[in-house]
Amino acid sequence: MRTVIARQIRMELVLTARRGEAVVLAMGVPLLVLLGAGLTHATNLPTDDRLGFVVPGVLALTVMSTAFTGQAITTGYERSYGVLKRLGASPLTRPGLLLAKTAAVLVQIVFQVLFLGLVGVVVGWRPELSHLLPAAGVTVLAAAGYSGLALLLASVLKPETTTGAATLIYVLMLSVGGIMFAAPDLGTAGWFLLPLAAHAEALRDTLSGGGSIPLSIWLALGAWAVVWLTAAARKFRWE
Amino acid sequence: MEAIEVTGLRKTYQGREAVAGIDLVVARGEIFALLGPNGAGKTTTVEILEGHRRRNGGDVRVLGEDPGTAGRSWRSRIGIVLQDADDAADLTVTEMVRHVAGFYPEPRTADEVIELVGLTAKKTSKIRTLSGGQRRRVDVALGIVGRPELLFLDEPTTGFDPEARRQFWDLIRTLAGDGTTILLTTHYLDEAEALADRLAVLAGGQIVAEGTPATLGGRAAAGAKVSWQEGDRTRTEQLADPTELLRKLVADGADLRTLTVTRPTLEDTYLTLIGARK
Ligand SMILES: Nc1ncnc2c1ncn2[C@@H]1O[C@H](COP(=O)(O)OP(=O)(O)OP(=O)(O)O)[C@@H](O)[C@H]1O
Ligand SMILES: [Mg+2]
């Protein structure tokens with residue numbers, strides 16, 4: 001089973017590399033937000049440390065864009081093109097495919113986050129590298145949750161609908177997710193409703209603030225990961 | 001143990017019964033063909049046997065296991081060529097075959113299967129740039145790459161040119177010669193006749209006839225139609241056994257250059273069976 005999943009992860013990465021332009025383009029919006037909101041006073045932020053607020057938010061946004069929007073759209077089309085059905089005819093199992101897709105997205109995220117993080121450093125962001133580990137931990141949880149939701153949507157909706165829904169959710173999250181502006185204050189419940197805001201806050205607390213992540217954020221992102229991956233594993237269809 | 005044992009298989013879609021109680025046994029090493037008009041329930045049946053669709057009722061054993069619950073090791077013992085696995089993947093033929101080969105414990109090599117399906121000249125082409133018939137051959141390659149004990153082929157030769165079809169028949173005979181059990185659906189009656197040890201005709205979700213290509217639907221007992229020319233008149237007789245008539249014609253010195261003796265083709269039998277149901 002392990003080698004089957006490892007092979008599938010490799011294949012997912014090969015396919016990702018083949019649409020490299022899309023992967024690079026996917027960083028366009030985060031990059032614009034980083035430079036626009038980070039370096040100018042175009043938006044109102046709840047702090048004077050603009051980069052310390054914006055860069056972690058942009059990293060969180062990238063994770064969502066890749067693990068959720070990109071994943072949902074690609075998988076939706078793969079399903080309608082029969083790519084998945086063909087894999088379903090092989091000994092690759094459903095959980096195996098979901099795992100491979102999630103892992104491949106994580107690899108992609110590592111590269112994107114490194115790149116955007118570096119851009120951030122170049123323009124003046126100074127992250128607390130000693131707090132990298134918890135930051136990476138919440139990022140894995142966030143990506144797993146997004147990926148689960150993406151795979152679920154891609155397998156119950158038509159590909160065009162998936163694309164529409166994934167884009168809509170992306171834009172909604174971008175506007176209220178506390179990336180360019182402060183997030184609406186919904187208290188702890190907010191973390192459960194707005195994973196992007198929770199993830200961005202966690203990255204700010206650690207990387208920009210050098211502090212620890214509130215338990216409620218761990219719980220919120222953990223819950224997202226468990227709920228959506230489980231739902232996807234149950235509902236996922238090859239065709 | 002039989003390769004496939006099915007009793008009382010049922011499947012409904014939104015309350016409409018697509019498979020209405022099928023019994024089927026396919027022995028190990030056998031080539032079994034499933035015939036039937038569009039919408040008869042062939043794909044539904046085959047995909048249930050492959051573990052791709054859930055059934056609403058009935059007992060199904062494939063290689064001794066229930067396909068609805070069988071695990072990965074069972075799946076690595078079967079090969080599947082789906083009816084509509086059209087795939088626009090951004091991969092070359094070799095990449096795709098090699099990738100899927102890696103899922104099986106003892107696969108054939110990619111080069112070997114690509115050669116077997118006659119795609120060697122196209123092995124470095126992207127699958128989405130292939131013609132329809134060539135893509136279909138990729139499907140077949142993927143179906144056999146894992147050295148399956150049991151191979152499911154749902155209209156495998158749709159889109160094949162006549163030469164490719166003959167090559168495919170040879171391939172199927174070779175596989176069967178090596179002991180592979182094969183369940184195939186087709187709309188080509190010559191294909192069924194050329195390949196199948198046994199066949200069944202499915203119509204409206206039920207099996208309306210089952211037998212060998214020679215005996216299906218009472219074909220062997222259907223007798224023969226003899227016709228010949230007498231002066232400028234064409235005479236035709238339908239007989240259970242034409243022996244006596246032929247002997248008489250020879251004795252009487254009839255003009256044998258115009259003599260034909262025809263028995264119903266598999267296609268005739270099939271059309272009669274399907275027509276009788278309507
Ligand atoms: N996913 C589905 N949802 C609803 N109805 C379906 C579905 N799949 C098949 N059917 C219906 O079930 C019946 C049998 O379909 P099936 O695909 O098994 O036929 P078939 O014998 O394979 O036909 P063909 O020769 O055209 O491939 C048809 O009436 C079809 O409309
Ligand atoms: Mg069919």
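Mentor: We begin with a term. A polar contact is a pair of N or O atoms within 3.5 Å, and within protein one of the two must be able to donate a hydrogen and the other to accept it. Please keep in mind throughout that this model is predicted.

Trainee: Which backbone oxygen does the side chain of B:Thr269 reach, and at what distance?

Mentor: The side chain of B:Thr269 approaches the backbone oxygen of B:Thr265 to 3.0 Å, which is within the 3.5 Å limit for a polar contact. B:Thr269 itself belongs to helix α9 (residues 266-277) of chain B.

Trainee: Is B:Thr269 buried or exposed?

Mentor: The general idea is a threshold: a residue is buried under 20% relative accessible area. B:Thr269 has a relative accessibility of 7%, so it counts as buried. Apart from neighbours within four places in sequence, its contacts are B:Leu216, B:Gly217, B:Arg219 and B:Pro264.

Trainee: What share of the residues of chain B counts as buried?

Mentor: Of its 278 residues, 49% count as buried. The secondary structure of chain B consists of nine helices and twelve strands, and its C-alpha trace spans about 70 × 45 × 35 Å along the principal axes. Among the contacts in chain B with a separation of 6 or more, 65% join residues 24 or more positions apart.

Trainee: Let us turn to sheets. In which sense do β10 and β11 of chain B run, and how many bridges join them?

Mentor: In general, strands of a sheet pair through backbone hydrogen bonds, either parallel or antiparallel. Here β10 (residues 224-230) and β11 (residues 233-239) of chain B are antiparallel, and seven bridges join them.

Trainee: Over how many bridges does β10(B) pair with β12 of chain B?

Mentor: Four bridges link β10(B) to β12 (residues 255-262) of chain B, again in the antiparallel sense. One reference point is B:Ser227, whose bridge partner in β12(B) is B:Thr260.

Trainee: What is the order of the strands in the open sheet of chain B?

Mentor: The order of this three-stranded open sheet is β11-β10-β12, with antiparallel pairing. Each of β11 and β12 of chain B has a single partner strand and stands at an edge, so one side of each is left without a neighbour in the sheet. On average, neighbouring strands of this sheet are turned by 20 degrees against each other, direction ignored.

Trainee: Which helix of chain B lies across β10, β11 and β12?

Mentor: That is helix α8 (residues 243-251) of chain B, which runs at about 15 degrees to β10(B).

Trainee: Which residues come nearest to ligand 1?

Mentor: Of the 15 residues around ligand 1, the nearest are B:Gly39, B:Lys42, B:Thr43, B:Thr44 and B:His187. An N or O atom in the side chain of B:Thr43 is 2.6 Å from an oxygen atom of ligand 1. For B:Arg53, a side-chain N or O atom is 3.2 Å from a nitrogen atom of ligand 1.

Terms used:
Residues numbered from 1 in each chain as written. Chains lettered and ligands numbered in written order. Predicted model: local features only at pLDDT ≥ 70, side-chain atom pairs only at ≥ 80, totals over all residues. Heavy atoms only, no water. Pairing = 2+ DSSP bridges. Helix = DSSP H or I, 4+ residues; strand = E, 2+ residues; numbered from the N terminus. Axes fitted to C-alpha atoms, helices over the stretch in contact; angles between N-to-C directions. Contact = heavy atoms within 4.5 Å. Near = heavy atom within 4 Å. Buried < 20%, exposed > 50% of the residue type's maximum accessible area, 1.4 Å probe, protein only.
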